[in-house]
Amino acid sequence: MNKLIAFSTSILLAITGLGAQNVGPWVTNVSGNSATILWMTSEPGTGWVETDDGGRHYQLFAGRRSFGTLHRVDIKIDEAGSTIRYRV
């Protein structure tokens, strides 16, 4: 049985490149235990996603926080069917 993961549409931008014009976010690749959040900024910055459990999830490349204009963060979900509220 497939479980639906609901996401809040409340969004707050949290990047280091201030004054950027932003596009997104988009929620993709939703499965029973994960989802991917994508967004773009017009200026480079370090992006992250904050979840309602207090977690902060960074985009990583080779184990390090990445810096750029296209941001992709994978979120792991502990319990299938959970509602996750997030902001980027």
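Guide: Here is a walk from the chain as a whole to the salt bridges, and then to their surroundings.

The model is predicted. The chain has eight strands and zero helices. From the N terminus on, the order of elements is β-β-β-β-β-β-β-β. Of the 88 residues in the chain, 36% are buried. Contacts across the sequence matter for the part you asked about. Take the contacts between residues at least 6 apart in sequence: 61% of them join residues at least 24 apart.

Now the salt bridges. Side chains of opposite charge can pair when their charged atoms come close. The count here comes to four salt bridges.

Start with Glu50 and Arg87. Their closest N and O atoms are 2.6 Å apart. Glu50 has a relative accessible area of 15%, so Glu50 counts as buried, the cut-off being under 20%. Arg87 is partly exposed, at 36% relative accessibility. The pair does not stand alone. Glu50, Arg56 and Arg87 are linked in a network of salt bridges.

Next come Arg85 and Asp52. Their side chains meet in a salt bridge, with 3.8 Å from N to O. Arg85 lies in the loop between strand 7 and strand 8, and Asp52 in the loop between strand 3 and strand 4, so this pair ties together parts 33 residues apart in sequence. Arg85 is partly exposed at 47% relative accessibility. Asp52 is also partly exposed, with a relative accessible area of 45%.

Then there is Asp74 with Arg72. Their side chains form a salt bridge at 3.6 Å, N to O. Asp74 counts as partly exposed, at 40% relative accessibility. Arg72 is partly exposed too, with a relative accessible area of 44%.

Trp48 counts as buried, at 13% relative accessibility. Tyr58 has another neighbour. Arg65 lies over the face of Tyr58, 3.7 Å from the ring centre.

Step on to Ser66. Ser66 is placed in the loop between strand 6 (64–65) and strand 7 (68–76). At 17% relative accessibility, Ser66 counts as buried. Leaving out residues up to four places away in sequence, Ser66 touches Gly45, Thr46, Gln59, Leu60 and Phe61.

Ser42 and Thr69 give another approach across the sequence. They are 27 residues apart in sequence, yet 6.2 Å apart in space, C-alpha to C-alpha. Ser42 lies in strand 2 (residues 34–45). Ser42 counts as partly exposed, at 46% relative accessibility.

Strand 2 also holds Met40. Met40 is partly exposed, with a relative accessible area of 39%. Together with Val23, Trp26 and Leu70, Met40 makes a nonpolar surface patch of about 380 Å².

Last, some backbone details. A cis peptide bond joins Gly24 and Pro25, with omega about 10 degrees. Pro25 lies in strand 1 (residues 22–28). Asn29 has a positive phi near 50 degrees, although Asn29 is not glycine. Asn29 is in the loop between strand 1 and strand 2. At 52% relative accessibility, Asn29 counts as exposed. Ala62 likewise has a positive phi, near 55 degrees. Ala62 sits in the loop between strand 5 (60–61) and strand 6. Ala62 is exposed, with a relative accessible area of 73%.

Note on methods
Residues are numbered from 1 along each chain as its sequence is written. This is a predicted model: local features need pLDDT of at least 70, side-chain atom pairs count only at pLDDT 80 or more; totals for chains, interfaces and linings use all residues. Side-chain values use heavy atoms; hydrogens and water are left out. Buried means under 20% relative accessible area, exposed over 50%, partly exposed in between (1.4 Å probe, protein chains only). A charge sits over a ring if NZ of Lys or CZ of Arg is within 6 Å of the ring centre and within 35 degrees of the ring normal. Helices (H or I, at least four residues) and strands (E, at least two) are DSSP runs, numbered from the N terminus. Contact means heavy atoms within 4.5 Å. Patches are made of residues with over 30% relative accessible area and no salt bridge: like charges are joined within 9 Å, nonpolar side chains (Val, Leu, Ile, Met, Phe, Trp, Tyr) within 5 Å. Accessible areas come from the Shrake-Rupley method with a 1.4 Å probe; for residues, only the protein chains shown count as cover.
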